[in-house]
Structures are given as C-alpha cells and as structure tokens.
Amino acid sequence: MDPTSQARDGFRGVEADAALKEQALRHLRRWLTDPEFAAYRPQLEWLVRTGQWAGLLDRFYQILPFGTGGRRGAVGVGPNRMNLWTLAASVQGHCEYLKERFPESGTIHVVLAYDVRQFEDKRKQYNPAQPNLVLHLSSRDLARHAAGVYAANGVHAHVLPPDSKHYLATPELSFTIRFLKAHGGLNVSASHNPPDDNGAKFYDERGGQPAPPDDQIMADLVDQVTHIKALPWPEAVRSGRVHILDDAPHKAYIDLCRKQSVAAPPRRDEDFKIVFTPLHGVGSLTAMEALASRGFRIIPVAEQMAPDGQFPNVTKTPNPEAPESMDRAAALAAQHRADLVLSTDPDADRLGAMSPDGAGGYRFITGNQIAALLTHFKLNKLSQQGRLPPSPIVVRTEVTTGQVTRIARKFGAQVIDDLLVGFKYIADVLYQLEQNGGYEDVSGSPDDFVIGVE
C-alpha cells in the first residue's frame, strides 16, 4: 500500500473533521511525490511507517496561517510547520506585495534580520537516524534562503555577513530599514517562544509592520502563492542583489538611542550598578551597549550572555515578562547590591526589570508598571528641563494600563489610548503624524510624540 493510502486508513482513527482529513491527504500526497519536497521524504515516510497519524494530520491539514504580520510556529516537516518552504512561500508573497506597493520605484530593497534560534528537535518528534532537512536549521539559514527568494524576484536584500557575530534586534531592524531608505524588511525570529519554534515577521518602509488594510492585502497575496522563485545563496550573491550590511546603521542606531536620554549620565563618583541579561538573545548588542555608552556600570549575567537559541541557562522561558526568567539576574544583583536589573527577550523588543525591595531582595516590575514609570519619568524630566512640547502626545494600546492615560493627562498631554494590540498600531500613529500632521482628533508631528507603550 502506498503511503498516501496508508495515511487515509490511518486518519480514520483520528477524531477530526472529514474535510480537514481530505485537505491533509492532498497536501501529504504533494509532499510525497513532488520533487520540490524530496529532501523531506525520509522523515515523512518514517512518520507514515510508524503510524503517527495524529501528528501527520496536524502537520498537513493546513498551511501554517499567515497572520497580519507573518508566520510563526513549530519548526518541522509539512505545510503547517515553519521550514524552508513555508518561509519561501511567505517571502514570495512579500515580493508580490512590494511590487504592487511600489510599482514605480524601479529597484526594491529589503533588510533581513534573524535571531539566535536553531532547531534541535527538543520535542523528539523525528527520527535521528533518518536524513532531516529541518534538523539544525537556524534563523540565519532561513534568512539566507529568504535572500535567495528576494534575489530571484529582482528584490535587493541587505543582510549581515555570513560569518558575522552581530545580530539585528527587532528595533534595530526597524531603524535600519529607515536608515537605508529600504522598502521593507524581514525578521526571522520567534521572539520568546520555545526553542523549537521559529517565525517570519515582515516590515514596511516605515520600519513597522503593515497595518490595516495593507496587512490583509499582503496576507492575501501570500495565500495566493502557487510558485516560488528562488536562487541558492551563492547564486543570489553573484546576482548582485545581495548586499552585505556594514556597521554604519548600527553605530547610527546606538547614537540615536544615546540622544534619547533625558537624564544626565552617572557622575564619575557615582556607582550606579545595573545587572543585565539578554536571556541568550541579542539584547547585549543594543540595550546593553546603549547603557554602557551612557556611562552606566553594567554587570552582565555571564552564563546568559552568549547568543544561544536553546536558552540553556534560562528558567522556564526566555520571556522577561516571566519573573522566573530573571532568577539568575536577581541572585547576581543581590551579590553586587545592584541598583537595577534589566532583561530583554531574544529579539530585544521586550523589556523586563527588577528593583531593590529594601530587604536585600529584588522586586519584579511588571510591563504595565514599566510603562507607567517611563511615561511619568519622561514627561516629568522634559517638563523640568523646559523641553516638553506645547501639545505632547502619549500613545498606548488598549491592553495597557489606564494609569498611563491618567499620568499623561496630568501633564496636559494628548492621549491616544484605544489602539489594538501590537506596536504596529503605535508605528501607524507615528506615520500619520509624520505624513498628515495628526491622528484622528490628535494634532501634531513626531516632534510632539513623547512615548508609546504596550
């Protein structure tokens, strides 16, 4: 009996809608017969041979959904997993979107970033004795594959050198897109997800992720992809459409971060100590570097500094919103009597903090508390320095504490506080201020913008 017929019989014993089983069989048949998927076949045939019907159904009943910003999920074999094919289909759709969005631009440019992840099958779902195309697949590998798809479609891709020890954090990617005047970007990252996950997040020319209706337009174009154009990495480089990033954008980014400071750096006689951990991510290359450039004394959590997508020395999850992730940082802070503990998630777009509790320990500061503290601190400092805009603007999403609104009102700020979840909506507000001088009933420019929080 052929593998597809075996799967049909096997699926009968799995409780699921009949239409989903038929969809899974159609996808499975293609992956078992199409030369495009030949490298995945050893693992697929093993899954069929060992009767792993529920797992096969889950891998094949759908194509991994493309949300409003990209795809994210478990790495693995099949269309409902992150792999070279699902990434390439996403990038192909992005190319179609860029060509529709910029029909007159001629050459289209994108910036590629990636995090520290590498698939090692921690969930033990595949046969280690069989060839496995996704085993050891890293975010860097996926980004290079994406560069080949962009190049094959005539889109120029800017990416770090293959042997670079540097990574682009998500905020730095946004900056680099604008710095290079690129038309968009891609970040291969699953942020704080488990080690076996990965994803692809797409960015527009503003440095944010597409907001409505553009996000749905791009998602529809991705869903319509039937053919993927791709070049192998060496050919993509030879095409002249792959450009290696130098350190100019990074230097400019750190310089801009320094200039955002509203407080004087510590004096030479002060000993303000900050314990910092990137939780094995890329935050040491942005947040920690920016703090050090302002003269703060940084005490790194040594065992969590190395970029490592397995997050070996992190408790529970590499998410700074989880207090457990900062246990080693808190112990080190107590040892050094540090004044502050800071952590960033793997792609360094999320911040965690702890402060001394007065009894020798450290108190976890929630995301909402960080948002409120920073909003008050910045408004208060700018007011004291006579630098507060006449009509300051504060922005928050609807899931963020209302205390931010109350603080902002106290300082006479205009407030936008009804945005949906996601920083892309805050980015869209900034774009509207930049282009139109206002957003809904709020008037102003980016110069009036003080802070945006979620």
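Biologist: What should I know about numbering and confidence before I start?

Modeller: Residues are numbered from 1 along each chain as its sequence is written, and side-chain values use heavy atoms, with hydrogens and water left out. This is a predicted model, where totals for chains, interfaces and linings use all residues, side-chain atom pairs count only at pLDDT 80 or more, and local features need pLDDT of at least 70.

Biologist: How do the axes of helix α1 and helix α2 cross, and is α1 roughly parallel or antiparallel to α2?

Modeller: Helices here are DSSP runs of H or I with at least four residues, strands are E runs of at least two, and both are numbered from the N terminus. Axes are lines fitted to C-alpha atoms, for helices over the stretch in contact, with angles from 0 to 180 degrees between N-to-C directions. The axes of α1 (residues 3-11) and α2 (residues 18-33) come within 10 Å and cross at roughly 160°. Angles under 35 degrees count as roughly parallel, over 145 as roughly antiparallel, 65 to 115 as roughly perpendicular and the rest as oblique, so α1 is roughly antiparallel to α2.

Biologist: Which residues of α2 does α1 meet?

Modeller: Contact means heavy atoms within 4.5 Å. From α1, the residues taking part are Pro 3, Thr 4, Ala 7, Arg 8 and Phe 11, and on α2 they meet Lys 21, Glu 22, Ala 24, Leu 25, Leu 28, Arg 29 and Leu 32.

Biologist: What is the angle between α1 and helix α4, and which residues of α4 make the contact?

Modeller: The axes of α1 and α4 (residues 53-60) come within 9 Å and cross at roughly 105°. These two helices are therefore roughly perpendicular to each other. On the α1 side the contact uses Gln 6, Ala 7, Gly 10 and Phe 11, and on the α4 side Trp 53, Leu 56 and Leu 57.

Biologist: Is α5 perpendicular or oblique to α8?

Modeller: The axes of α5 and α8 come within 8 Å, crossing at roughly 125°. Among the residues that meet there are Ala 89 and Tyr 97 of α5, and Ile 217 and Leu 221 of α8. That angle makes α5 oblique to α8.

Biologist: Which helix gives the most to the lining of the second largest pocket?

Modeller: A pocket is an open set of points on a 1 Å grid over the protein atoms alone, with protein on both sides within 12 Å along at least five of seven lines; a cavity is a set where a 1.4 Å probe fits but cannot get out, and lining residues have an atom within 4 Å of a point. This pocket has a volume of about 450 Å³, and of its 20 lining residues, the closest to its centre are Glu 36, Phe 37, Trp 85, Ala 89 and Ile 228. Both α5 (84-101) and α8 (214-223) supply at least two residues of the lining. The top contributor, with four residues, is α5.

Biologist: How much space lies in the largest cavity?

Modeller: Grid points are joined across faces, edges and corners, and a volume is the space filled by probe spheres set on the points. The count comes to one cavity of 30 Å³ or more. Its lining is Tyr 114, Arg 140, Arg 144, Val 159, Leu 160, Pro 161, Pro 162 and Trp 233, and the space inside is about 40 Å³.

Biologist: Where is the cis peptide bond?

Modeller: Most peptide bonds are trans. Here, Pro 213 lies in the loop between β5 (197-204) and α8. With omega about 0°, the cis bond joins Pro 212 and Pro 213.

Biologist: What is phi of Lys 124?

Modeller: Most residues other than glycine have a negative phi. Lys 124 is found in the loop between β2 (108-114) and α6 (139-152). Its phi is positive, near 55°.
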